[in-house]
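Dear colleague,

I am passing on the structure below, and after it I have set out what was found. Please read the notes with the coordinates open beside them.

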Amino acid sequence: MKIINLGSKEEACHYVANELLKQIISNKKSVLGLATGGTMVRVYEQLVNLIRINEIDLSEITTFNLDEYIGIDYDHPESYYTYMHDVLFNHLPTWNEEKIHLPNGSAENLQEEIKRYEDLLDKEGPVDVQILGIGENGHIGFNEPGTSFDSLTSIVGLTQSTIEANSRYFETKEEVPEQAISMGIHSILKAKRIILLAYGPKKTDAIRKLLTGEITTDLPASALYNHPNVEVILDNNAYLSEQEEI
């Protein structure tokens, strides 16, 4: 695991956007693993700009998102389908909608949906670059503390801390879905390369625990130590100068 402090949020986001750009340029049929949330907004803004100025055709790029809420439709303003189209896909006309994949949280049969998504990930993958954020409790995707490292795409319950953190996107806390479909930890670790991005003081606790090097299901992000190609990209606020050597 490589730990890189780039000083500022802007530099950290630029690094991730630039690495996605380089992957797209190196292989026009790349498979990208994408994440949502406030952490990624600036990454996608910068990626849109970089793709525009390089005039890149994205029609053969495949994307997989980590997760989607259960119980809200794709067209709900707070669905991750809406988020991804608002911050990334709608800004670049050459995306191929048939190659954009998110779990369907409003599927009639959720068990069939989680199997469909995992099977599709295996068929179209492996993911070339998977980007991740980290929750304040150390979750990756919606894999909350206690999740098995062998988990595949599944229906997951959200902890109160995650519901509280996501409530800022909804009018009331009660509107935040209590379940989601999420790639499992094993599903995430299938990627060839993983980049975890964290910035700001709210992520310091989770990063402090991650940098101890202890691998435990109490901290889902620690599963990344079991992967051979992981970078953790930080700003000064999330970085700890007293970190133990990894």
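The lining of the largest pocket in this predicted model divides into 14 nonpolar, 14 polar and six charged residues. The pocket itself holds about 720 Å³ of space, and of its 34 lining residues the closest to the centre are Gly 37, Gly 38, Asn 166, Arg 168 and Lys 203. Four elements, namely α2, β4 (67-69), α3 and α5 (160-166), each supply at least two residues of this lining, and α5 gives the most, with four.

Two of those elements also meet each other: the axes of helix α2 (residues 38-54) and helix α3 (residues 80-87) come within 9 Å and cross at roughly 40°, and the two helices are therefore oblique to each other. On the α2 side the contact is made by Met 40, Val 41, Tyr 44 and Val 48, while α3 brings Tyr 83, Met 84 and Val 87; by class, this contact has seven nonpolar residues, with no polar and no charged ones.

Two backbone details deserve a look, given that most residues other than glycine have a negative phi, and most peptide bonds are trans. Glu 55, which is not a glycine, has a positive phi of about 50°; Glu 55 sits in the loop between α2 and β3 (62-65) and is exposed, with a relative accessible area of 73%. The peptide bond that joins Gly 125 and Pro 126 is cis, with omega about 5°, and Pro 126 has its place in the loop between α4 (110-124) and β6 (129-132).

With best wishes

Technical notes: Residues are numbered from 1 along each chain as its sequence is written. This is a predicted model: local features need pLDDT of at least 70, side-chain atom pairs count only at pLDDT 80 or more; totals for chains, interfaces and linings use all residues. Side-chain values use heavy atoms; hydrogens and water are left out. Axes are lines fitted to C-alpha atoms, for helices over the stretch in contact, and angles run from 0 to 180 degrees between N-to-C directions. Angles under 35 degrees count as roughly parallel, over 145 as roughly antiparallel, 65 to 115 as roughly perpendicular and the rest as oblique. Contact means heavy atoms within 4.5 Å. Ala, Val, Leu, Ile, Met, Phe, Trp, Tyr, Cys and Pro count as nonpolar, Asp, Glu, Lys and Arg as charged, and the others, Gly among them, as polar. On a 1 Å grid over the protein atoms alone, a cavity is a set of points where a 1.4 Å probe fits but cannot get out, and a pocket is an open set with protein on both sides within 12 Å along at least five of seven lines; lining residues have an atom within 4 Å of a point. Grid points are joined across faces, edges and corners, and a volume is the space filled by probe spheres set on the points. Buried means under 20% relative accessible area, exposed over 50%, partly exposed in between (1.4 Å probe, protein chains only).
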